[in-house]
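We will go stop by stop.

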Amino acid sequence: MAHGRQPADPLAVNHPLDHWATVRNRFVADHRELRSKMGTLRALALNVIRGDDELAPALRLKGEEFDARLLEHMKWEEEHLPGLLSRTENGLERIIDLREEHARQRERLAFSLEQLRDPEAASLPIARDCLALVRWVETDMAAEERDVVAALGQIVRDQDMAAASGDPGGQGSRD
Ligand SMILES: [Fe+2]
Ligand SMILES: [Fe+2]
C-alpha cells in the first residue's frame, strides 16, 4: 500500500464497503436458513420425544441435512469472517475464539452424525441430542451476530473518519 496507514495485521486488508455488505448479506442469509432448518429439526425432535416414532426417519434425514449445511457454513465463515473481525476491539482474540468454537462444533457435529447414521441407535436419544444441538447452535449464532454487527459498525465508522480527514486509505485498520 503506497498511501495511508498500514493494516494492523495481515488480515486487515482494505476492501470497499460493498465487499463487506456482500459478506454480511451471505452471513445473514446463511443464519436465516440455518434457523429455519433448526425450527424444522426442533419440531421433529419434540414430536419424536412425545412418542411419534414414525417421524424418526425424517428426524434423521433433517438432522443430517442440518449438520452438513452447518459444516459448509462454518467453512465459509472461516474464510470470510476473520477479515471482518480483525476490525473489532480484541479482533485477533475474536478470530481465535471463532476457530476454537468451530473446532468444538465440528467435534459435536461428528458425534451427532454418528448417532443419526447409526441404524441401531434408538430414536429418543437421537431426538434429545438434536434438541441439545439446536439450543447450542442458536446461542453460538447469536454471539456471532453480535461480533459481526460490531465489526461492520467499526468499518463504517473508520471509513467515515477517513473520509472526513481526507485519507481514503485509512479504512478499517485497528492499531
Ligand atoms: Fe460459526
Ligand atoms: Fe454462523
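Which residues does L41 touch, leaving out those up to four places away in sequence? Select L41 and look around it. L41 touches K62, G63, F66, C130 and V134. Keep in mind that this is a predicted model.

**Stop 1: the whole chain**

Zoom out and colour by secondary structure. The protein has 4 helices and 0 strands. Along the sequence the pattern reads α-α-α-α. Now think about burial. Of the 175 residues in the protein, 26% are buried. Then think about contacts. Take those with a separation of 6 or more: 72% of them join residues 24 or more positions apart.

**Stop 2: the cores**

Select L41, A45, L59, A127, C130 and V134. These residues have the most contacts inside the largest nonpolar core, which has 17 residues. Which elements give two or more residues to this core? They are α1 (17-49), α2 (56-85), α3 (91-116) and α4 (123-164). The largest share comes from α4, with 6 residues.

Now move on to L84, L85, I95 and A151. They are included in a second, separate core of 11 residues.

**Stop 3: V134**

V134 lies in helix α4. Is V134 buried or exposed? Count its C-beta neighbours inside 10 Å: there are 21, so V134 counts as buried. The cut-off for buried is 20 or more. Leaving out residues up to four places away in sequence, V134 touches M38, L41 and R42. V134 and G39 are 95 residues apart in sequence, but their C-alpha atoms are 8.6 Å apart in space.

**Stop 4: pairs of helices**

Next come the helix pairs. Two packed helices are described by the angle between their axes and the distance between the axes.

Show α1 and α4. Their angle is about 160° and their axes are 9 Å apart. Which way do they run relative to each other, parallel or antiparallel? An angle over 145 degrees counts as roughly antiparallel, and α1 and α4 are therefore roughly antiparallel. The crossing of α1 past α4 is left-handed. By class, their contact has 19 nonpolar, 3 polar and 5 charged residues.

On the α2 side, select A56, L59, R60, G63, L70, L84 and L85. On the α4 side, select S123, I126, A127, C130, V137, D147, V148 and A151. Together these residues make the contact. It has 11 nonpolar, 2 polar and 2 charged residues.

Now show α3 with α4. The angle is about 165°, and the axes are 11 Å apart. That makes α3 roughly antiparallel to α4. The crossing of α3 and α4 is left-handed. Which residues make the contact? From α3, pick R94, E101, R108, S112, Q115 and L116. From α4, pick I126, D129, L133, D140 and D147. How do the residues of this contact divide by class? There are 3 nonpolar, 2 polar and 6 charged.

**Stop 5: L116**

L116 is found in helix α3. Is L116 buried or exposed? It is buried, because 21 other C-beta atoms lie within 10 Å. L116 and G63 are 53 residues apart along the chain, and their C-alpha atoms are separated by 7.0 Å.

**Stop 6: N90**

Finish in a loop. N90 is found between α2 and α3. Check its backbone angles. N90 has a positive phi of about 55°, although it is not a glycine. Is N90 buried or exposed? N90 has 11 C-beta neighbours inside 10 Å, so it counts as exposed. The cut-off for exposed is 12 or fewer.

Methods:
Residues numbered from 1 in each chain as written. Chains lettered and ligands numbered in written order. Predicted model: local features only at pLDDT ≥ 70, side-chain atom pairs only at ≥ 80, totals over all residues. Contact = placed C-beta atoms within 7 Å. Core = buried A, V, L, I, M, F, W, Y, C linked by C-beta atoms within 7 Å. Nonpolar A, V, L, I, M, F, W, Y, C, P; charged D, E, K, R; others polar. Axes fitted to C-alpha atoms, helices over the stretch in contact; angles between N-to-C directions. Parallel < 35°, antiparallel > 145°, perpendicular 65-115°, else oblique. Left-handed = near helix turned anticlockwise from the far one by under 90°.
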